[in-house]
Amino acid sequence: MLWLVSFLIAAAQAAPAAQTAPVQVPEKFQMPFQATNADEAGPWQQSVRARLFEIVQAQNPHKDTPLDVKPGEFTDARGFQKAQLTFTGNESQTIDCWLTRPDGDGPFPAIVCLHGHGGDRDMIHDPESIYKGLAAQYARRGFVTLAPTLAHCPYAPNQLWNLMRLVDVLHTLPYVDKSRIGVAGLSMGGEWSMWLAACDTRVSAAVVSGWMCSTEGVLRVPNCPCWMPPGLLELCDIAEVHVLIAPRPLLIESAISDGCFPIDATQTGFEKIVRGYTVLGAVQNVRRHTFPGGHAWSGEQAYPFLEKALNSQH
Ligand SMILES: [Zn+2]
C-alpha cells in the first residue's frame, strides 16, 4: 500500500529525534468547548480561531507575498476542462495545481480538493487512488475545482497560509462564484480541510474525510506527529476544532476499518462536533458518513452533500 509506506516515511521524517515518552491527552484542556448557548459559543469560536492563527504564526510567519496566479490553457478532460495553474506560496515557492472548470460562463461553485501524505495533484484526480479521483468527480458535477500539490511540513498546519491562498486564487477567477466555495480532502487533506474551513469563513462548506477523531484516538495510533504543532494539543480536543466550522455545512467521512483513526474514537469526536453544532442552532448542517473499508475516500454522500450545500446558496 503506497499511501501507508508514504505515510510511515513521512512519520519517520517528521518525528522529533528526542521524542521518547508517548504523548498523552492533557488532563485539562485550555479552551474546551463548554458553551451552553449561542451567545457563549460564538466568542469561543473567535477565541479558538485566534489561538489557532497564533499557533501557526509561531511556526510559519505570515508574509504578504504577491499571489502571481498563472493559469494555463484549458484542454478537454471528458466532461470538464482542465488546466495547469501555478501561484506563489507564502514562502515565495511555486505551487502547482490542477484547475478544472465546467463548460459555460458560470459563475460556478468551486471546491478546493486536498491530498494527504504522499499524495499530489495527480493522485487526487486518479480514480484508482485512495482519493477515488474526487477532484475529477466534483469537476464532472459542475464545480470548478482547484487541486494543489502541497509539501509535507514539520507541522501540517504550517500550510494554513497557502490553504487560504487557494481561496484567494479562486477569488481571482471571474467564472467562480465567491459566495459558493467549499473544501474537501482525505487524510492530511481532511486535516487541512478542517483547518481551512475552521480558520477561513470564506469557505461555505466542508468535507473532512479520514481525519476527524478525538485527540485520544489520534494519539492511540502511531500517526505522523505533524498534526500537532506546539500549543495545539493543550488547546482543546482536536475534534472540537471542527466546531469552528459551524453553522456552515460539514460532512465527516469515517471508514470503519481506518487504521489511522479508530472508529470508536471518531464516534466520540463526532459527538463533540454535534454538541457544538446543536448549541449553535445548526445541528441540521452536520453529518457523518461511516462506511466499510480502510483509510480511503468514499464520496457516496460527499458528492451530493456539496452539491446541495453549495447550490442551495445560489
Ligand atoms: Zn506528516
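Reader: Which residues have the most contacts inside the largest nonpolar core, and how many residues does this core have?

Author: In this predicted model, the largest nonpolar core has 94 residues. Cys-113, Leu-146 and Leu-306 have the most contacts inside it. Helix 5 (residues 188-199) contributes the largest share of this core, eight residues.

Reader: What does Leu-306 touch, not counting residues up to four places away in sequence?

Author: Leu-306 touches Ile-111, Tyr-138, Gly-182, Ala-184, Ala-205 and Val-207. Each of these contacts rests on C-beta atoms that lie within 7 Å.

Reader: What makes strand 7 largely enclosed by the rest of the structure?

Author: A residue is buried if 20 or more other C-beta atoms lie within 10 Å of its own. Eight of the eleven residues of strand 7 (residues 176-186) are buried, so the strand is largely enclosed by the rest of the structure.

Reader: How do you know that strand 7 pairs with strand 5 and with strand 8?

Author: Pairing requires at least two bridges between two strands. Six bridges join strand 5 (residues 108-114) to strand 7, and five join strand 7 to strand 8 (residues 205-209).

Reader: Which elements make a right-handed β-α-β unit?

Author: Strand 7, helix 5 and strand 8 make this unit. The term right-handed applies because, with the strands pointing away from the viewer, the path from the first strand over the helix to the second runs clockwise.

Reader: How do you know that the span of helix 2 agrees with its number of residues?

Author: Helix 2 (residues 38-59) has 22 residues, which at 1.5 Å a residue should span 32 Å. The end C-alpha atoms of helix 2 are 32 Å apart, so the two values agree.

Reader: Why are the buried residues of helix 2 said to line one face of the helix?

Author: The buried residues are Ala-41, Trp-44, Val-48, Leu-52 and Val-56. Seen down the axis of helix 2, they fall within an arc of 100°, so they line one face. What covers them includes helix 4 (160-171), helix 5 and helix 7 (263-279). On the other side of helix 2, the exposed residues include Asp-39, Gln-46, Glu-54 and Gln-57.

Reader: Why is Ser-92 called exposed, and why is Ser-187 called buried?

Author: A residue counts as exposed at 12 or fewer neighbours and as buried at 20 or more. Ser-92 has 10 C-beta neighbours inside 10 Å, so Ser-92 is exposed. Ser-187 has 28 C-beta neighbours inside 10 Å and therefore counts as buried.

Reader: What are the phi values of Ser-92 and Ser-187, and where do these residues lie?

Author: Most residues other than glycine have a negative phi. Phi of Ser-92 is near 70°, a positive value, and Ser-187 has a positive phi of about 65°. Ser-92 lies in the loop between strand 3 (81-88) and strand 4, and Ser-187 in the loop between strand 7 and helix 5.

Reader: Which peptide bonds at Pro-107 and Pro-247 are cis?

Author: The bond from Gly-106 to Pro-107 is cis, with omega near 5°. Pro-107 is in the loop between strand 4 (94-101) and strand 5. A cis bond also joins Ala-246 and Pro-247, with omega about 5°.

Note on methods:
Residues numbered from 1 in each chain as written. Predicted model: local features only at pLDDT ≥ 70, side-chain atom pairs only at ≥ 80, totals over all residues. Helix = DSSP H or I, 4+ residues; strand = E, 2+ residues; numbered from the N terminus. Expected span 1.5 Å × (residues − 1). Arc of directions from axis to C-beta. Contact = placed C-beta atoms within 7 Å. Core = buried A, V, L, I, M, F, W, Y, C linked by C-beta atoms within 7 Å.
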